[in-house]
Amino acid sequence: MSAYTRQAMALLFDRTAKTYDALGVDFFGVFARELLDRVGLVPGERVLDVGCGRGAVLFPAAERVGEGGSVLGIDLSAEMIERTAKDIEDRGVNASVSLMDAQEPTLPDAAFDVVLASFVVFFLPDPVAGLRSWHRVLKPGGRAGVTTFGADDPRWASVREVFKPFVPPELAWTLAVRSGLFATVEAFGQAVESAGFTGVTSVERVCPVKFADPGHWITWSWSHGQRMFWELIPEDRLDAVRQSVLAELEPLREPDGSVVLAQTVRYTVAHRG
Ligand SMILES: C[S@@+](CC[C@H](N)C(=O)[O-])C[C@H]1O[C@@H](n2cnc3c(N)ncnc32)[C@H](O)[C@@H]1O
């Protein structure tokens, strides 16, 4: 993760916060709900939602733990925290948020029954250090639920190629987030175990994600981590790249004009012994 510091990452997500998960695409919420099912949250539990963003996990988690439980969301993006805090207040939800680093959260030991981290761990400079911290803040017998991405949809390979020429060598890792400890379910499972967890299980699921048309995908791709790739493109090339992406997506259109991405997600559940 060299050359893209934690602070730069937080600022990137500041720029996405306004439209993050708000563009009519069933994505983060779908995966959050499945994560909660797999972790099996029950009423009364104390939950930490690491890298909470706009609350895709936090809000359904608060509903499931009920009045007797609690959810704390932490994130390093001030914009995410500010907007999610306002939503919590407006919706009168039993949750709170705090501006805090996910890798070294300043939280007491054994304070939570469950730690959740949806699409966050691969942004950390040292993912195993993050996992170790999450193990530390769990009470004995507690559990963690983490989502990561699996293999990319091969039908969309040519779209990814469009962005590659603009990625400098020091950011090459961003094109290979399924490498190293994220390469396979087994490699990630071993990383989770090396952080102290036991009873680690992972499953991979493929979920179709629908966009109204290719332009909808482009707009959506600016609203989350993919924005990083758009921002690497010089201003005077942006329109040409946009046209290339539209051209690559054109053959993928369904009869109704939409395009569908087959998104593979890994759900990992682990325990503190
Ligand atoms: C892809 S979003 C996922 C948000 C949410 N969990 C969801 O499923 O919609 C990643 C989030 O992690 C946050 N993040 C990235 N690096 C972080 C760090 N070092 N500490 C805390 N949050 C971080 C970003 O600000 C962003 O809100």
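Me: Which residue in S4 does aspartate 49 stand opposite?

Reply: A word first on the source: this is a predicted model. Strands of a sheet pair through backbone hydrogen bonds, either parallel or antiparallel. Here, aspartate 49 faces leucine 116 in S4. The two strands concerned, S1 (residues 46-50) and S4 (residues 112-118), run parallel and are joined by three bridges.

Me: How many bridges join S1 to S2?

Reply: S1 and S2 share five bridges, and they too run parallel. Within this pairing, leucine 48 has leucine 72 of S2 as its bridge partner. Strand S2 (residues 70-75) is mostly covered, since five of its six residues are buried.

Me: Let us turn to single residues. Is glutamate 45 buried or exposed?

Reply: The test is relative accessible area, with buried meaning under 20%. Glutamate 45 has a relative accessibility of 10%, and therefore counts as buried. This residue is found in the loop between helix H2 (28-39) and S1.

Me: With which side chain does the side chain of glutamate 45 make a polar contact?

Reply: The partner is the side chain of arginine 143, at 2.8 Å. Leaving aside neighbours within four places in sequence, glutamate 45 is in contact with several residues, including Val65, Asp113, Val114 and Arg143.

Me: What is the relative accessible area of threonine 16?

Reply: The value for threonine 16 is 0%, so the residue is buried. Threonine 16 lies in helix H1 (residues 6-16). Apart from neighbours within four places in sequence, its contacts are Met80, Trp222, Ser223, His224 and Arg227.

Me: How many disulfides does the structure hold?

Reply: A disulfide is a covalent bond between the sulfur atoms of two cysteines. The structure holds zero disulfides. As for individual cysteines, cysteine 52 counts as buried because its relative accessibility is 5%. Cysteine 207, with a relative accessible area of 18%, is buried as well.

Me: Which residues come nearest to the ligand?

Reply: Of the 20 residues around the ligand, those that come nearest are Tyr20, Gly51, Asp75, Asp101 and Ala102. For tyrosine 20, a polar side-chain atom lies 2.8 Å from an oxygen atom of the ligand.

Me: How far does a backbone N or O atom of glycine 51 lie from a nitrogen atom of the ligand?

Reply: For glycine 51 the distance is 2.8 Å. Serine 118 also has a backbone N or O atom facing the question, at 2.9 Å from a nitrogen atom of the ligand.

How values were computed: Residues numbered from 1 in each chain as written. Predicted model: local features only at pLDDT ≥ 70, side-chain atom pairs only at ≥ 80, totals over all residues. Heavy atoms only, no water. Disulfide = S-S within 2.5 Å. Buried < 20%, exposed > 50% of the residue type's maximum accessible area, 1.4 Å probe, protein only. Pairing = 2+ DSSP bridges. Helix = DSSP H or I, 4+ residues; strand = E, 2+ residues; numbered from the N terminus. Polar contact = N/O pair within 3.5 Å; in protein donor to acceptor, adjacent residues only side chain to side chain. Contact = heavy atoms within 4.5 Å. Near = heavy atom within 4 Å.
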